[in-house]
Amino acid sequence: MSNPFLKQVFNKDKTFRPKRKFEPGTQRFELHKRAQASLNAGLDLKLAVQLPTGEELNDWVAVHVVDFFNRINLIYGTISDGCTEQSCPIMSGGPKYEYRWQDEHKFRKPTALSAPRYMDLLMDWIEVQINNEDIFPTSVGTPFPKNFLQVVRKILSRLFRVFVHVYIHHFDRIAQMGSEAHVNTCYKHFYYFVKEFGLIDTKELEPLKEMTARMCH
């Protein structure tokens with residue numbers, strides 16, 4: 001337990017929110033276990049993301065979206081004390097990229113916010129989606145909505161922005177904590193997954209293009 005990242009992970013106060021769990025005995029739980037097993041076995045990440053034979057795409061995607069939400073949440077949680085209104089008054093990825101927040105309720109127009117405020121709204125917004133049975137049904141046999149992949153694309157492109165901000169503005173903190181390898185693996189897994197199923201527009205991936213070319217090809 002000397003690894004500071006593991007200490008952070010096991011320190012429950014650091015995580016933003018409770019994890020969404022899959023119910024044991026459900027199809028989704030079995031898929032989750034299968035996805036985890038292939039990762040733990042050290043399977044090439046490019047292969048690990050491929051849809052297993054005979055499985056439904058929406059089920060596979062749902063399992064991964066929840067898992068990425070939990071893991072990216074945790075990554076941001078570990079650096080969040082260094083991401084403040086003062087240090088990050090704008091949610092950005094370097095000087096070229098600024099992300100504005102928009103939702104169906106309070107922020108109907110894209111609004112400039114500080115990074116911590118943006119992250120808070122983002123995590124709340126995703127949590128509402130993945131806990132909504134109409135979007136992410138948990139009962140076997142309940143169909144996914146027709147716009148499921150559309151919703152997922154929006155969730156994943158916004159989660160990608162967390163990577164952008166963390167890598168560009170807080171990478172020294174990650175390196176200092178010794179969790180660089182962990183974050184890189186999580187990023188590669190995420191990247192291969194969205195590429196495999198075409199879930200993020202190429203232009204959204206621009207801010208980390210050079211790093212991705214070094215790391216993922």
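## The annotated binding site

In this predicted model, four residues carry the UniProt annotation "binding site", which comes from an unreviewed entry: Cys83, Cys88, His165 and His170. They span 88 residues in sequence, yet no two of their C-alpha atoms are more than 10.1 Å apart, so they gather at one spot. UniProt positions follow the numbering used here, with shortened feature names, and such annotations may be inferred rather than shown by experiment.

A word on ground rules: residues are numbered from 1 along each chain as its sequence is written. Local features need pLDDT of at least 70 and side-chain atom pairs count only at pLDDT 80 or more, while totals for chains, interfaces and linings use all residues, and side-chain values use heavy atoms, leaving out hydrogens and water.

Where does Cys88 sit? Look in the loop between helix H4 (57-79) and strand E1 (100-101); helices (H or I, at least four residues) and strands (E, at least two) are DSSP runs numbered from the N terminus. Cys88 is buried, at 5% relative accessible area (buried is under 20%, exposed over 50%, partly exposed in between, with a 1.4 Å probe and protein chains only). Setting aside neighbours within four places in sequence, Cys88 is in contact (heavy atoms within 4.5 Å) with Cys83, Ser114, Ala115, Pro116, His165 and His170.

His165 belongs to helix H6 (residues 148-169) and is buried, with a relative accessible area of 0%.

## No disulfides

How many disulfides turn up in the whole structure? The search finds zero, a disulfide being a pair of cysteine sulfur atoms within 2.5 Å. For Cys88, the closest cysteine sulfur is in Cys83, 3.8 Å away, which is too far for a bond. Elsewhere, Cys186 is buried too, at 1% relative accessible area.

## Helix H8 against helix H9

The axes of helix H8 (residues 180-196) and helix H9 (residues 209-216) come within 11 Å and cross at roughly 95°. Axes are lines fitted to C-alpha atoms, for helices over the stretch in contact, and angles run from 0 to 180 degrees between N-to-C directions. H8 and H9 are therefore roughly perpendicular to each other (65 to 115 degrees; under 35 is roughly parallel, over 145 roughly antiparallel, the rest oblique).

H8 brings Asn184, Tyr187, Lys188, Tyr191 and Tyr192 to this contact, and H9 brings Met211, Thr212, Met215 and Cys216.
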